Amino acid sequence: MEHHCGLITGKKEMVPLKSISVTLSINDFVADVSATLNYENEEKAPIEALFVFPMDEDSAVYSFEALVDGKKIVAELQDKTKAHFNYEEALSQGYEAYLLEEDDYSRDVFSCNVGNLQPGAKVAVTLRYVQELPLETDGALRYLLPAILNPRYQLSEQSANSCLNIKSPIDPLKDLPYTLSMVATITSQHGIEKVQSNCSLSPVQYLADDNTSAQVSLAEGHKFDRDVELLIYYTEVHSPSVAVEMGMPDMKPDSLMGAPSAMVSFYPDIPEVEASRACGEFVFLVDRSGSMESPMSNQNNSQLRIEAAKETLLLLLKSLPMGCYFNIYGFGSTYEKFFPESVKYTQETMEEAVKRVRDLKADLGGTEILTPLCNIYKASSIAGHPLQIFVFTDGEVSDTFSVIREVELNHKKHRCFSFGIGEGASTSLIKGIARVSGGTAEFITGKDRMQAKALGTLKFALQHGVDDISLSWDLPPRLYAKMLSPEQTVIFKGQRLIIYAQLAGIIPQGESSGAVCLKYSLQGKALENRVTFSLQPKENASFTIHRLAAKSLIQNKDLGSNETSEEAKEDVKNISIQSGVLSSFTAFIAINKELNQPVQGPLAHRVIPRPMTYGSSDMCMVSMLCTGKVLQSKSNMPLAFSPRNAVRGASLSLKSNKKVKMACSSTKKNNLQNDPQAFGENVVVQLISLQKANGSWNLDEDLTKILGTNLEDAKVANPAMHGDPSAWATVLAVLWLHANGKDLKCEWELLERKAVAWLHDHAGSSIPALVQAANSLLKLSVNPAAFDI
C-alpha cells in the first residue's frame, strides 16, 4: 500500500498540511481556544479541499476565518441551507469560498470546505471556540485536543449522508507529515499547583509571584499522532463562585447577548447516605462490536477493550447490593441478553452472570445501540427499584441524535450512566444520553482504567436521591435573574454543577452584591449551598459566558434535522445567529469577492488524512481518498476527511495505572495457575471473582492459594473454630485486599463494604479477634479500623 499524507490529487500529487497551531487560554475552568491549520496549494490548478474533524460536543464554536495570502476573510453565520446555496453560487462565479458546518447527525463532528484555492496560494483556516473543562475525580481540570475520529456505524438511511460514511485506506501514524504547536496560558485566582500532560511539555513558566498565572507549551516538533491532554491542578478547585459578564454594547439591553450574564458554579456538599441496600434495577449495556478487540490505547501492553469490559462487569456484579435486580446486554449489529428480563440479585443469578461474562467476546459486528435500548425501555418497571442503565461503548455510531432522542423520551423512568471507551468515542453520544437522562458521562482512554470509573459511577447510582431541588436569587430591587440553564433534577455528591442565568433589569451603580442559593432535601432534611458575588459585570472580548449560555440553550433544543420540531429549529437558529454560536441548522460562510477567476471545468477535490483507531490490535491512520468533483449541489458532494482535527475527539489520561503485582512471591510459591477462561492474570480480580453475592468468601483451597497459605494452616489459625468458617475467610480476604490491592481500592471499595457489612451481621463481637489472627497468619499489619471496629 502506498502511504499518502496531506491533500492528495488524483495524480497522487500533494497539497500538504504544513502545520497546526493552537493558542489556548484557560481561565479557572473555562477554555478559549484558537486553532489554525496552515495549507498550501502546490498544484497548477485551483482546488476545493474538505476537512472533517471531531470536537467535544460542549464546544461553542463562535468564529471562523481564513487568511489567504495575507488577506483575512471573516465568515458570517447563516441558516445552513442559505449558506450552502451561497457557497455553491460563489464557486460557480469564480470566488474563493469557505464553509464550516456541524454534521447533521452528530454534534461532535464538523466539516470545513475551502473552495477555489488558487495555484500557489497559502491559506490559514482558524476556528475559535469556548468550552467548560470537565473536573476529574482527583480534582484536575482536563483539556483535550483530540487527534482521533473513527468511522461510525450507520443507524438509518438518513445518516448515510453523514460526512463520516466514506471508505478509507490506512496510513501508519508514524507517517503523519504535519506538526502541532500549542501554547497554553492558564490563570486562576486559586493558584496553579501543577500542569501534567501525556505529551512532552516545556517547563511550566509562572507569570505571577503568587502562581495565579502560568504558561506552558508543547515540545517542538510534536507529531499529531495522538490526543493531546492537559491536566491542570489548582491549589483549591472546589470553591463555589459566580462570574458576571457584561453584554455586547451594540445589542438590545434585554436580549440574550445584550444583557449581563452570570455563570454559577456549585460543588454541593451532600452528606454521604447510601440508598436502601436492596434498591434498584441495574442494566449493563456493553458494546461487543469488532472494534472492542482494539487496545484501550496505543501504549505498549494496553489491555484490550473487551477484556477491560469483562473485568469491569465482574467488579460491578460483585458490588451490587443483595435484593436488587440486574441484567446484562451485549450489542453489535444484533444484541444478546443474559436473562429474558431483569432478575433478582442472588448467589445463583450472580454466579450464572459471572460465568457468562468470562465467555464474552467482541463478536457481534457493528455498533447498533438503538434496538437494545428500545428493548430495555419496553420492559415493565419493577416497583420500588428505579432503573439505572450503564452503557459501555466506543461510541462509533453515525446517527447519534436518534439514540439521544430515544433516551430523552424515556428519561422519567431511568438514569443513564455512559462510558466512552478508547480514542474517538463520540462525545455527542456519550454526553448526550447522560445529560438528557440525569446521569453522568465518563471517557476512558490512555492510562485510565474502565474499572475505576465504572465503580465510581456505581457509587453515584447507589446514593440516596436528593429531592426538592431549587435555586433562589437574592438581588437588589429592580434586578432579577432569568434562567438559561435547564431545571436541575439530579445532583451527585462530589460533582460540579454549572448554571447560566441572564441578569435583567437595572444593576445598581457602584459596589453592590447579590447571592444565589441552591436548596435541596435529603431524607427529609433541608440543605443548602449559598454563594455571595459582586454585581459589577466584567468585560470579556470573547463574551465567553454569553456564548457558553447560548450553547447550553442550543444543546437542550437541537437534536439534528430529523429529531427536532420545526418550532425548536427556529428557536435554535435564532439563538445561534444572535449569539454567533454554531448549531446543526446554521453554518459559517465566507467569500473572497476580490478574487474572480472563472472556473474552467471541474474543481479538483482534495483530501486530508486523519488519525483513527481501527478494529484490530493496531492503532493506525486513515487517509481519506476522494475522486474529482465537478461543481454540483452540496447534497451530492462526495465528502472526504480532515487533517487533523485541529480541534477535538477523545483523551489520553494521565491517571495512575499502577498494576498490582501479578505474581507476588506468595502466589509464585503456590504456583497459581490461571484458568484460561478466568479474568487474566490479575490476582486481585481472581480473589474478587471468588466472593459470594452476599459479600462473604468461602474458606477453600482456591482462596488460600491466592492468600499465600494452605487450607490446613488457615483452618488451624481460625480463632473461632466452631463459628462460621466464611467469617474467617472473609476477614482474610479483606485484609489481603487492603495489603495487596491498595492502588486499586476505588475498584473494590464497594464490594469490601458489602463484605464488612456481612461480617457485622454474622461475626459481630468476634471480628477483633479474627482480624488479629488474620494479620498474624498472613504476616500483615492492616489497621482493624478497616472493619469499622
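Modeller: Start with the surface. Accessible area is computed by the Shrake-Rupley method with a 1.4 Å probe, and for residues only the protein chains shown count as cover. Here the protein chain has an accessible surface of about 31200 Å². Carbon and sulfur atoms hold 48% of that surface.

Biologist: What should I know about the model itself?

Modeller: The model is predicted: local features need pLDDT of at least 70, side-chain atom pairs count only at pLDDT 80 or more, and totals for chains, interfaces and linings use all residues. Residues are numbered from 1 along each chain as its sequence is written, and side-chain values use heavy atoms, with hydrogens and water left out.

Biologist: How many helices and strands does the protein chain have?

Modeller: Both are DSSP runs, numbered from the N terminus: helices are H or I with at least four residues, strands are E with at least two. The protein chain has 17 helices and 37 strands.

Biologist: What percentage of the residues count as buried?

Modeller: Buried means under 20% relative accessible area, exposed means over 50%, and partly exposed lies in between (1.4 Å probe, protein chains only). Of the 789 residues in the protein chain, 59% count as buried.

Biologist: And how do I read contacts along the chain?

Modeller: A contact means heavy atoms within 4.5 Å. Take the contacts with a separation of 6 or more: 76% of them join residues 24 or more positions apart.

Biologist: Let's look at one helix. How many residues does α16 have, and what span does it reach?

Modeller: The expected span is 1.5 Å times one less than the number of residues. Helix α16 covers residues 745-762, which is 18 residues. From first C-alpha to last it reaches 24 Å, close to the expected 26 Å.

Biologist: Where is the kink in α16 centred?

Modeller: A bend is the angle between axes fitted to the seven residues ending at a residue and the seven starting there. In α16 the kink is about 30° and is centred on leucine 751. After the helix comes glycine 764, with a positive phi near 50°.

Biologist: What covers the buried residues of α16?

Modeller: The buried residues include Trp748, Leu751, Val756 and Trp758. Their cover includes α2 (305-319), α7 (450-462), α12 (683-689), α15 (725-740) and α17 (767-778).

Biologist: Now the nonpolar cores. Which residues touch the most other members of the largest one?

Modeller: In soluble globular proteins, nonpolar side chains tend to be buried together. A nonpolar core is a set of buried Ala, Val, Leu, Ile, Met, Phe, Trp, Tyr and Cys residues joined through side-chain atoms within 4.5 Å. The largest core has 82 residues, and Phe392, Leu458, Trp697 and Phe787 touch the most other members. Helix α15 gives this core its largest share, 10 residues. Leaving out residues up to four places away in sequence, phenylalanine 787 touches Val731, Val734, Leu735, Val756, Leu759, His760, Ile767 and Val771. A second, separate core has 80 residues, among them Tyr98, Tyr129, Ala147 and Leu582.

Biologist: How many salt bridges does the structure hold?

Modeller: A salt bridge puts a side-chain nitrogen of Lys or Arg within 4 Å of a carboxyl oxygen of Asp or Glu. The structure holds 28. In one, glutamate 229 pairs with arginine 142, with the closest N and O atoms 2.6 Å apart. Glutamate 229 is in strand β19 (residues 228-234) and arginine 142 is in strand β12 (residues 141-145), so the pair links distant parts of the chain, 87 residues apart.

Biologist: Are those two residues buried or exposed?

Modeller: Glutamate 229 is buried, at 0% relative accessible area. Arginine 142 is buried too, at 7%.

Biologist: Which residue forms a salt bridge with glutamate 311?

Modeller: Arginine 449 does, with the closest N and O atoms 3.6 Å apart. Glutamate 311 is in α2 and arginine 449 is in the loop between β28 (441-444) and α7, so the pair ties together parts 138 residues apart in sequence. Glutamate 311 is buried at 7% relative accessibility, and arginine 449 is buried at 16%.

Biologist: What about aspartate 474 and arginine 530?

Modeller: Their side chains meet in a salt bridge, 3.4 Å from N to O. Aspartate 474 is in β29 (residues 467-474) and arginine 530 is in β33 (residues 525-534), so parts 56 residues apart are tied together. Aspartate 474 is partly exposed at 44%, and arginine 530 is partly exposed at 47%. Elsewhere, salt bridges that share partners join Glu136, Arg142, Glu229, Glu442, Asp448 and Lys453 into one network.

Biologist: Where does aspartate 448 lie?

Modeller: Aspartate 448 lies in the loop between β28 and α7. This aspartate 448 is buried, at 5% relative accessibility. Its C-alpha is 9.4 Å from that of serine 297, a residue 151 positions away along the chain.
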